[in-house]
Every structure is written in structure tokens, then in C-alpha cells.
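The sequence and the structure are shown below.

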Amino acid sequence: MQHRDVVVMLYDDVEGMGVSGPTEVFSTASTLGGRGGEYRIRTASVGGTPVRTSSGLVLVPDFSLEDGPSPQTLVIPGSGGLPNLGADVVTVMGEAARSSARVMALGTGAFLLAEASMLSGRRATTHWQWCGLLAERFPDVEVDAAAHYVKDEHIATAGGGTSGIDLALSIVEDDAGLERALETSRQLVTFLRRPGDQLQFAQWAVPPVEDPALRETLAWISNNLDGELSSERMASHARMSLRHFSRLFTAQTGISPRRYVELVRVEAVRRMLEKPEWGTSMEVVSQRAGFGTSDAMRKSFSKVLHVEPAQYQERFS
């Protein structure tokens, strides 16, 4: 197994689940692997000082991040809100990340990597609540607001909450194989594989945005899925030029208007397939969701959720 040394970065207001979730995954995988396949998990903070998590717990790190050994895998959890660590801390973190073979940034930890210029030109995600701001502050980052987690070469980012567990299980599978990841997920009583680009939250209808006209247009989109939803039509409804609408939309939601419409329509299909009263007619479902044909619906559904509509209906209805 490669990348066995795991260091979790600690700082004041760090989110507890971002620390405990991945460490439990790696620890469990090590226990199941026996000798020779262990992850060695340690924690570090700048200066080696104790920190208080966003939930009030005090954590004592194993060593200082700037003086400790270069980790093979560096985990950077998010915080209770946006991290506010100062340029000196970001510099130390950036140096540690650049010397690591693999970096995991969870939730708003992606902002720290972006501040250290480590996400430039890369695809990344963060908690859905902050995706718009990440895209606005760092336009050179390709933000995917829908993804649970994103792997771009040796740098991986995850959304909020349990997405860090999803990413850690995926990394265990990369390192030790599918069987070990399966055993780990069973031990933790969690799903092994929730696709990385599955929707971060179930109701994609109206994500939080600041602009009132854009917020109104998002609600209008949800109520008119079976109509024409071109970028030009949406911009007209928002009473904006197409160029301004596209820029504002991407900045405040983290994704393009076209991608957003696809996600909302897939979410509508998913909800309809879970209701027995819709029967088995994929044509009816696809038309009501605005895809037009069942083939177009199937392609988008499979791309977003990594499962065929018929299989999903059989499994979850």
C-alpha cells in the first residue's frame, strides 16, 4: 500500500467531522489490513499548539506542521465557516502540501489550497454553500458545485459533511483495492461508493444565491422544467444580458446555467422514479423533466448519478 503516512492538519475552528471522518476510515482500513498494510495517522498544527474545533473540542496535535516530516498524504479539513488563518499559516500549509504525495482538502479546506495557489487550473469542489464564492474568488479554479468529491491528479477535494468519508473510502480503494474498501465500509456501516459527481444535496431546485433576480429565475426554472430553458431564455427572464447573466450565474452557483438545468432535470427524474404512481413510462418521465426523449434523459441521468434510470427505479422505488 502506498501513501501510508497520513497527516491531518489542525487549526482553531476546524470542523470535527473533517478530522474524525477520514481518520476513522484510514484507521479501520489499517485494522482490517493487518501487518504491513497500515496507515499511520498523525495530526499537526502550525506551531504544534492545541486547537479548539468548531464544536468546542480541544485537540492536541502530534507535532508542528512546519517542523514535522513531509507526509505522504496531507488532509486539510474545513472549518465551521470560511477558514481565516492568515498568510503565514497558509504559507506553512502550502509548503507541507507541495511536499506531500497526495493532498485531500475537505469542505472549505479547498479555500486554503486555493489561497496557496494549488488549485489553479484544476477541477475542485467544496461545500455547496460556498461553491459560488470559491468560483468568484478564484476564477482560475474549475469549481464543480454538484460533486461530492473531485480527484485531479494528486489533489482531491470534497464537499461538506460525510463527503470526506466518501473520498477517504475511494482513496482506500485506490491504495489497497476494492475488497479492502468494501470491508472498511461494512465495518463503518456506510456506503462504499457514492459517486463523486453525485449531487451534493437532494433538492437542487433553488440553491442559495444573493441576487434577487437570479433567485427568482432559479425558482422559475424549477417550475418550468418541461419548457425551453436555453441560456438566452433564462437571461431574458432575469432581465439581464446573456453575458452578464452567465457570469453572475456561475459566480453565485459555482456552475454554468446549462449544467444547472441538467442537474435540476436529473433531480426531477430521480424524484419521479422514486414514486410508484409514475409507473414505468420513461417517456412520460423524460418529457415532464424536460429532456424530450427517454434516450436523452438516460444519458444525462447515467452521467450524473452513474446508474441507469431503470436500475435506479428498481432499487429505490
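A residue counts as buried when its relative accessible area is under 20%, as exposed when that area is over 50%, and as partly exposed in between. The model discussed here is predicted. By the under-20% cut-off, Arg270 is buried, because its relative accessible area is 15%. Glu267 is likewise buried, with a relative accessible area of 2%.

**Salt bridges**

Arg270 and Glu267 are partners in a salt bridge, with 2.5 Å between the closest N and O atoms. Both residues lie in helix α10, 3 residues apart, so about one helical turn separates them. The structure holds 14 salt bridges in total. Salt bridges with shared partners also join Asp295, Arg298, Lys299 and Glu308 into one network.

Helix α10, which spans residues 257-273, contains a further pair, Glu262 and Arg259. These two residues are 3 apart in the chain and therefore separated by about one helical turn. Their closest N and O atoms are 3.4 Å apart in a salt bridge, and both Glu262 and Arg259 are buried.

Another salt bridge brings together the side chains of Arg123 and Asp144, at 2.8 Å from N to O. This pair links distant parts of the chain, its members being 21 residues apart. Arg123 belongs to strand β8 (residues 123-124), whereas Asp144 sits in the loop between β9 (142-143) and β10 (149-152). The two partners can be compared with the cut-offs above: Arg123 is partly exposed because its relative accessibility is 29%, while Asp144, at 9%, is buried.

| Salt bridge | N to O distance |
|---|---|
| Arg123 and Asp144 | 2.8 Å |
| Arg259 and Glu262 | 3.4 Å |
| Arg270 and Glu267 | 2.5 Å |

**Packing of two helices**

The angle between the axes and the distance between the axes describe two packed helices. For helix α5 (residues 163-176) and helix α6 (residues 178-188), the angle is about 145° and the axes are 7 Å apart. The crossing of α5 and α6 is right-handed.

Which residues make the contact? From α5 they are Leu169, Val172, Glu173 and Ala176, and from α6 they are Leu178, Arg180, Ala181, Thr184 and Ser185. Sorted by class, the contact of α5 with α6 has 5 nonpolar, 2 polar and 2 charged residues.

Conventions: Residues are numbered from 1 along each chain as its sequence is written. This is a predicted model: local features need pLDDT of at least 70, side-chain atom pairs count only at pLDDT 80 or more; totals for chains, interfaces and linings use all residues. Side-chain values use heavy atoms; hydrogens and water are left out. A salt bridge is a side-chain nitrogen of Lys or Arg within 4 Å of a carboxyl oxygen of Asp or Glu. Helices (H or I, at least four residues) and strands (E, at least two) are DSSP runs, numbered from the N terminus. Buried means under 20% relative accessible area, exposed over 50%, partly exposed in between (1.4 Å probe, protein chains only). Axes are lines fitted to C-alpha atoms, for helices over the stretch in contact, and angles run from 0 to 180 degrees between N-to-C directions. A crossing is left-handed if the near helix is turned anticlockwise from the far one by less than a right angle, and right-handed if clockwise. Contact means heavy atoms within 4.5 Å. Ala, Val, Leu, Ile, Met, Phe, Trp, Tyr, Cys and Pro count as nonpolar, Asp, Glu, Lys and Arg as charged, and the others, Gly among them, as polar.
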